[in-house]
Amino acid sequence: MIKSMRQSTLQTLGLGTVLEIFKNGKLPVESGEIIEQVFGRPDERGCLVISGANGIVGAGKAMQLGSRLEPFNVPVVGIDFPGVPDGINRKYQGLVGTFGKKGADRIMANVIRLSYDGGNLPKKLKEFKPRFLLEAIPEILDIKKNHYELFRKNFPGIEIRSVTSGFPGSELGVTIAHPAFPHEINKIWEIVEPEPSDITKLLWALGLVPIPVSDNWSFVLDVLFCGITLAALRYHETTNMPFWKIDKYVRKFIGPNPFRAHDAIGAAGANFLTWSCLHHLSNAYGQLFEPTAYVVERKESGQNWYPLNHFRPLVNWSLNDKEQDEFLSWIQGPLFQMASLLLYERRSHLSHINAIGELCAQFTNGVIADMRRTGPNSTIKRVESYHKLYPEAAKASWFPDVFEKMDEPDWQQLYVNAEHDGSTGVITIGRESYNSDVDSELNRAIDWFHAEGIKNVIVTGDFHLSTQMVGADTRDFFPALKRVEEGIRISSSWSKTARRLHDEFKVSVGYINGKRCLGGFLELLMHCHYLISVEDARLGMPEVTLPVVPGMEGCHWSFRKTNNENRDKILKLLLEGEQVSAKDAVGWLIDYAGSLTDSLQIVWKIAAGKDHGLLKRDVKEDALNEISFDIKLQPADNPGMEVARNAIIETIRDACSTDLVNALSTQAKHSAEFMISDTCKKGRIGTEFKRLMDV
Amino acid sequence: MKGKETMFPKARIPYGTWGSSYFPAWQTSALAEVNIGQFAGEAMNKILGMRKVPKSELEYLIIGSTIPWHWKFWNAPLVASCLGERIPGYHIEQACATGLQAILLAASEIEGGSYNVVSVLTFDRTSDSPVGVFPERRTYRRTEVLADVWDNFGFDPATGNSMIKTAGISARKYKIDREEVDDITFHRYQQYYDTKNSGWFENILVPFDVLNNQGRFLGRIDDDNGVRQISRSTLREMRELDTCITPGSQTHASDGMATLLVTGVEEAKALSLQSEIGIQFVGKLEVRTLPSLMPEAPALAVKKLLNRTGLTMNDMAVVKNHNPFAVNDAIFAKVLDYDWHKMNTTGSSLVWGHPQGPTLTRIVIEALEEAVSLGGGYALVFGCAAGDVGIAAILKVTDEGSAK
């Protein structure tokens, strides 16, 4: 019996818990077996058909899926009208960039293109044994329905998914797999289906991120993205502030550039989709979603929102404190109200709603996390102040009662979950960068294990929303650029959290199962008694390149766990910022690297207290003997990196020459002092701060 | 027009929906670096935002400028695009009378019933004014090259005289005393600085941060650059360029924009910052005087306008003019038998400079704001323009709320 703080997001896919993955020593579904279920055995392999394959979505997804299906000999058949612009060939250069010329040629050779007249399927299609149709044709309901009928008639039993976000599945008569972005890079797909299907499991097994959402007019992403665009438009129409400047403020406070995003996607199509989404939502939910005159105008004209290059803006705008507060009411108010609707209608797991905002709608913090930070009363007040500005929105679709549950685990553990079987637990982190929200949730998860009497713990990703661990969210460092106390606070508090993994469990195992584990996340996991990784993961401490001084004890913890001979490797890692392969880091940075199955199994053996054959590398608590910095390094990329190297060397020297207790504050002080230096301010974080916050 | 009637009964200026940039002297600010049409459009949008007027309220745009600017062919629709609203409109130009004429034309558009909200936007950049090249095969030189601002100031093709020459000729005609001209100049500076120090201009003049092509700060337009404290003795010591005309007693070229709205009666109430205040058009008149007597033309226009309307100078609560030369005020005082101390109480274009197109718009705005602060009354606005033309208009400011 597995107990958890909240439902694992993996369970929403019908894939069980994360703890079961470790217990079983394998993933809940292997790509080979699910491909066989969907496309048939190798000797009778069927194909994936993408209709509308030359469109922006069709071509993007043909590449995303084609590159993943090609190793399994599953052909991708793209069908489209004759004479439409070739969208697939345009993707070739991108493929070359990612897979090299040979790989790109191989993938392209597996994409078969056939013409389709809209009424009859190409005769040749039958030869490829279509098993799965991904429909990406224009947003006209009758045409779509006829299209499905045609396929069902010709290929009985075929799995059909529509990429639409403009119609509920109940209207279409098929289930939906809506890619968050049309291009091939973003991995998120919103899935609408009554129960998790093989197609959803297939997407997951191929390394994509399917997220189940409920069957409504426009799903979570469109509500959030079109919603924030609408909020920005209402502000524009009241104050005249130009779109580009509103974008800067929305980016500062929320994260996205809604207008720039429309232009980047292609205003002609994106404007229509935004209008369509808002139009349908307003029919269902009232004035909160009513498209404004400017959306209607741009839906017709397809005009960009930003001025043309020769009319780059001349007159700047700014907001005083009072105006800023009103701005937030115009933007956050409707966003929070829309989120109340999503929650009221239970449109998805809270972590999903939150993640869709962050991973697809460019929110700095997901909308649920944002409301949680704001608190229930202030969230409600913010919406009410919006209603004073725009009373029509108050008439419908406002559910303040949903915020009464803000103290419950679904709200409180958006990024970090914990599961246990009575003796061994797993902490899963579903955010790719570490921030103060993750830190708080991690502390709550540790507290929960203590309350549950769990002494053995695994710390890892969530096998779903987080596919890698890229380090600290540097936006959390912005306050530390101005005040050294802030830097000390962040560094100390995060380090104390990390130490809990070492100090408060009998056995703790960090497990790296994604593509990479860098910076703050590597520092966090190295605090575990054991650190295990899949062999092809890349590990690194890129702080010196930003530049910052690692703040979560990276400058002394790993030295305390290794012998003198390996110190140069750690120094190089810290001072060059280059990544190493997990299998090359065994013995000095991590304890084991192996295949996915092997590594899962060894993690479970350690965590469950079974015989595993690995020696525990203890942390030396006394001051270390003197560290030699006489090593040959690659030349620094820039003067800032050179300064950071010296600061890191100083930090290593001071933090290692004191005992473990004092090392934490020594490390934090160095890290914080570097953060307020000109070198840091001129570096990536300082530049980012200026770009995002100094508007 | 006779008998204190209004010439455009359907037209109003909604109180407070106006604004102007500061007018930095030419080549002293970031405005010297920009497309002034684009700047004006964006600045107007910001002014409307500050005045709580959504730009979507605008139906029509009349732009006024005198100096060619990049893409001027595309006219008011382009400027409207720069302010973010796709509305039609046209461009008008009448040299230094442009700013007032544009407002009057907006009122006539309202009166004609075509629109209910017409926006007026005037602007000019004297800095780096363009040079025109004109092939003229009949002439000896075959190709004429003309620097738009300076060559035009220096030569009226109809008379062969410069602007400054017309001031000298007029001063001689009216036997104006140099000392009086210096006194007028000094007094205008005092009026300007008293007003500036009181903070009164902040109701009208809006500071703007100008960005470069990378979106970085290029410069802040927050002062009438080029205006300096001047003493009576300094004025006295200045060399005469023509009779009574010194560098101190004439205006200077500058850059800037100014905007206001003209609307129907109901729209004025809805958009006004104080709906009880009514602003109407009483009358307007232009005269063209004898060759090279430009500074007397406004006085003649005012005289004729008063005659037509049945009003007198004593009826005027506010009197303001565009006075490129202090001589203009001396002549006006003589012709109208009016104490020049009583006019231009917030300073004038003699002091704060002359960007041409928007000059009289700013003067109208200052006049209306002053009339409101006085509790209402008639505002007389006038000025001279190239071609020995004078233009004058009377506006009436009332507190309609209290009248009820």
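## Strand pairing in chain A

Two strands are said to pair if DSSP finds at least two bridges between them. In this predicted model, strand β3 of chain A holds such a bridge partner for A:L48, namely A:V76. Strand β2 (residues 47-51) of chain A and strand β3 (residues 76-80) of chain A run parallel and are joined by four bridges. Strands of a sheet pair through backbone hydrogen bonds, either parallel or antiparallel.

Both β2 and β3 belong to an open sheet of eight strands in chain A. The order of the strands is β4-β3-β2-β5-β6-β7-β8-β9, and the pairing is mixed. At the edges stand β4 (111-115) and β9 (209-212) of chain A; each has a single partner strand, so one side of each is left without a neighbour in the sheet. From one strand to the next, the twist averages 25°.

## Domains of chain A

The domain assignment divides chain A into domain 1 (40-212), domain 2 (220-410) and domain 3 (415-693). Between the C-alpha centres of domain 2 and domain 3 of chain A, the distance is 36 Å. Seven residues from domain 2 of chain A and six residues from domain 3 of chain A take part in the contact.

On the side of domain 2 of chain A that touches domain 3 of chain A, the elements that give two or more residues are α9 (243-253) and α14 (350-359) of chain A. By class, this side of domain 2 has two nonpolar, three polar and two charged residues.

## Contact between the chains

The contact of chain A with chain B takes 14 residues from chain A and 20 residues from chain B. On the side of chain A, helix α8 (residues 220-239) gives the most, with three residues. By class, the side of chain A that touches chain B consists of eight nonpolar, four polar and two charged residues.

## A buried strand in chain B

Which strand of chain B is largely enclosed by the rest of the structure? In strand β14 (residues 389-399) of chain B, nine of the 11 residues are buried, so this strand is largely enclosed. Strand β11 (residues 277-288) of chain B runs antiparallel to β14 of chain B, and 11 bridges join them. Within this pair, B:I277 stands opposite B:D399.

Strand β13 (residues 377-385) of chain B also pairs with β14 of chain B in the antiparallel sense, over nine bridges. Here B:A392 is the bridge partner of B:F382. The hairpin of β13 and β14 of chain B has three residues between the strands, and B:G387 takes a positive phi near 95° in this hairpin.

Technical notes
Residues numbered from 1 in each chain as written. Chains lettered and ligands numbered in written order. Predicted model: local features only at pLDDT ≥ 70, side-chain atom pairs only at ≥ 80, totals over all residues. Domains from an automatic or database assignment. Contact = placed C-beta atoms within 7 Å. Nonpolar A, V, L, I, M, F, W, Y, C, P; charged D, E, K, R; others polar. Axes fitted to C-alpha atoms, helices over the stretch in contact; angles between N-to-C directions. Buried ≥ 20, exposed ≤ 12 C-beta atoms within 10 Å, placed from the backbone.
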